[in-house]
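Open the structure in your viewer and keep the selection tool at hand. The stops below say what to select and what is there.

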Amino acid sequence: MFDIKFFRKKKRNPWLELFEGNSKQIAKAIAIFAFIAMLVFVFLISLAPKNFPTTQIINISEGATLEDVTDLFEERRVISSPFFFKIVMKVTFNEKDIKGGDYFFEEPLSVFSVSRKISRGDFGLDPIKITIPEGSTLVDIADYFASSFL
């Protein structure tokens, strides 16, 4: 006699049946997931570091290269990802537009904002005009500064 188990159909995995015939929908779902994951990654990597230097003046020397600025900003914790900072600078065509000078960042900034500031020369320092009357002594000048800026 014949053995029945030879003629039995193999059991299929029920998970495979879900995906059968839906390859376009699966590809769309994977693409959407990958796009959202990429956006979240870019958002997180572009955020300012937790210990962003809001109380320091950072000097970029005239003629500094992107590499010099990246090293300086990484050392001073202005950026968290040197690689991403370089990409932003190159993609926005700001690589050659770095303006040297003293920069003061009042609040933590994203990589995009830092890139924009150093390419526009937005130093964050507001100059003030001071007139010291002729013949003023050091004590008079000190009193003037104390009353004006404290």
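Which residues form a nonpolar patch on the surface, and how much accessible area do they have together? Select Ile-32, Phe-35, Ile-36, Met-38, Leu-39, Val-40, Phe-43, Leu-44 and Leu-47: these form the patch, and together they have about 880 Å² of accessible area. Now pick out Phe-43, which is found in helix α2, residues 23–46. Phe-43 has a relative accessible area of 51%, so this residue is exposed, the cut-off being over 50%.

**The whole chain**

Before going further, note that this is a predicted model. The protein chain has 150 residues, of which 23% count as buried.

Next, colour the protein chain by pLDDT. The average is 84, and 85% of the residues score at least 70. Which element has the lowest mean pLDDT, and which the highest? Helix α1, residues 14–19, has the lowest at 64, while α3 has the highest at 93. Where pLDDT is low, the predicted coordinates should not be read in detail.

**Helix α3 and its charges**

Move to helix α3, which covers residues 66–75. Select Asp-68, Asp-71, Glu-74 and Glu-75, which gather in a patch of negative charge on the surface. Glu-74 has its place in helix α3. With 40% relative accessibility, Glu-74 counts as partly exposed.

Stay with helix α3 and select Glu-67 together with Lys-86. What do Lys-86 and Glu-67 form? The two form a salt bridge, with their closest N and O atoms 2.9 Å apart. Lys-86 lies in helix α4 and Glu-67 in helix α3, so the pair ties together parts that are 19 residues apart in sequence. Both partners count as partly exposed: Lys-86 has 22% relative accessibility, and Glu-67 has 41%.

Side chains of opposite charge can pair when their charged atoms come close. A search of the whole structure finds 2 salt bridges. To see another pair, select Asp-122 and Lys-117, which form a salt bridge with the closest N and O atoms 3.1 Å apart. Asp-122 counts as partly exposed, at 38% relative accessibility.

**Two residues with positive phi**

Most residues other than glycine have a negative phi. Select Arg-77, in the loop between α3 and α4, the latter being residues 82–91. Arg-77 is not a glycine, yet its phi is positive, at about 65°. This residue counts as partly exposed, with Arg-77 at 46% relative accessibility.

Then go on to Phe-93, in the loop between α4 and β2, where β2 is residues 101–104. Phe-93 is not a glycine either, and has a positive phi of about 60°. Is Phe-93 buried or exposed? At 70% relative accessibility, Phe-93 counts as exposed.

**A buried stop in the loop**

Remain in the loop between α4 and β2 and select Ile-98, which is also found there. Ile-98 counts as buried because its relative accessibility is 14%, and buried means under 20%. How far apart are the C-alpha atoms of Ile-98 and Gly-121? They are separated by 7.6 Å, although Ile-98 and Gly-121 are 23 residues apart along the chain.

Terms used. Residues are numbered from 1 along each chain as its sequence is written. This is a predicted model: local features need pLDDT of at least 70, side-chain atom pairs count only at pLDDT 80 or more; totals for chains, interfaces and linings use all residues. Side-chain values use heavy atoms; hydrogens and water are left out. Patches are made of residues with over 30% relative accessible area and no salt bridge: like charges are joined within 9 Å, nonpolar side chains (Val, Leu, Ile, Met, Phe, Trp, Tyr) within 5 Å. Accessible areas come from the Shrake-Rupley method with a 1.4 Å probe; for residues, only the protein chains shown count as cover. A salt bridge is a side-chain nitrogen of Lys or Arg within 4 Å of a carboxyl oxygen of Asp or Glu. Lys and Arg count as positive and Asp and Glu as negative; His and the chain ends are not counted. The place of a charge is taken as NZ of Lys, CZ of Arg, CG of Asp or CD of Glu. Helices (H or I, at least four residues) and strands (E, at least two) are DSSP runs, numbered from the N terminus. Buried means under 20% relative accessible area, exposed over 50%, partly exposed in between (1.4 Å probe, protein chains only). pLDDT is the predictor's confidence in each residue, from 0 to 100.
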